[in-house]
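Me: Could you take me through the side-chain contacts here, with the cut-offs stated as you go?

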Amino acid sequence: MAIAVTVIALGGGALPALAQHSPFARSAPPSRGSLGMLDRIEGGRWELRTRDTPEVERLCVQDGRRLIQLRHPQQQCERFVVADEPNDVTVQYTCRGRGYGRTHIRRESESSVRIEAQGIAEGLPFNFVAEGKRVGDCAP
């Protein structure tokens with residue numbers, strides 16, 4: 001386990017710097033024209049199940065863009081679009097002084113996604129794969 005954490009901590013630290021110098025990177029927030037796949041994901045109450053734990057994370061989302069920063073919710077972060085395809089996107093983001101992340105989201109349907117994310121949040125590395133499913137509307 002210590003090796004995995006070290007790899008994430010060392011390898012992940014270079015991700016924001018590499019994206020800033022990439023000719024394909026775009027700074028965020030991304031325009032509504034980009035990341036269109038996330039706009040096709042239905043808003044509402046979602047359940048996220050990670051492969052490593054039996055716990056279920058429940059959240060209310062307006063659209064799929066909320067799924068980019070699961071470990072940095074409601075934080076203003078700079079985003080760089082790494083890949084923007086019809087059924088999957090990869091976004092790298094940096095929250096100055098608070099960490100960073102790289103998220104890959106694959107759309108399975110309007111109501112289900114697969115999310116792979118890694119980065120640093122609250123000074124600690126994170127790395128997870130989750131299956132997300134829309135389970136209903138958000139409570140008023």
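This is a predicted model: local features need pLDDT of at least 70, side-chain atom pairs count only at pLDDT 80 or more; totals for chains, interfaces and linings use all residues.

Reply: Residues are numbered from 1 along each chain as its sequence is written, and side-chain values use heavy atoms, with hydrogens and water left out.

Me: Is the aromatic pair of F126 and F128 stacked, edge-to-face or tilted?

Reply: Rings of Phe, Tyr and Trp (its six-membered ring) pair if their centres lie within 6.5 Å, and planes under 30 degrees apart count as stacked, over 60 as edge-to-face and the rest as tilted. One such pair is found in a search of the whole structure. The ring centres of F126 and F128 lie 6.2 Å apart with the planes at 35 degrees, so the pair is tilted.

Me: Is R134, which meets D137 in a salt bridge, buried or exposed?

Reply: A salt bridge requires a side-chain nitrogen of Lys or Arg within 4 Å of a carboxyl oxygen of Asp or Glu, and the N to O distance between R134 and D137 is 2.5 Å. Relative accessible area, taken with a 1.4 Å probe on protein chains only, defines buried as under 20%, exposed as over 50% and partly exposed as in between. D137 has 57% and is therefore exposed, whereas R134, at 18%, is buried.

Me: How many salt bridges does the count come to?

Reply: Among them is the contact of E110 with R107, at 2.7 Å from N to O. R51, R114, E116 and E131 are linked in a network of salt bridges. The count comes to twelve.
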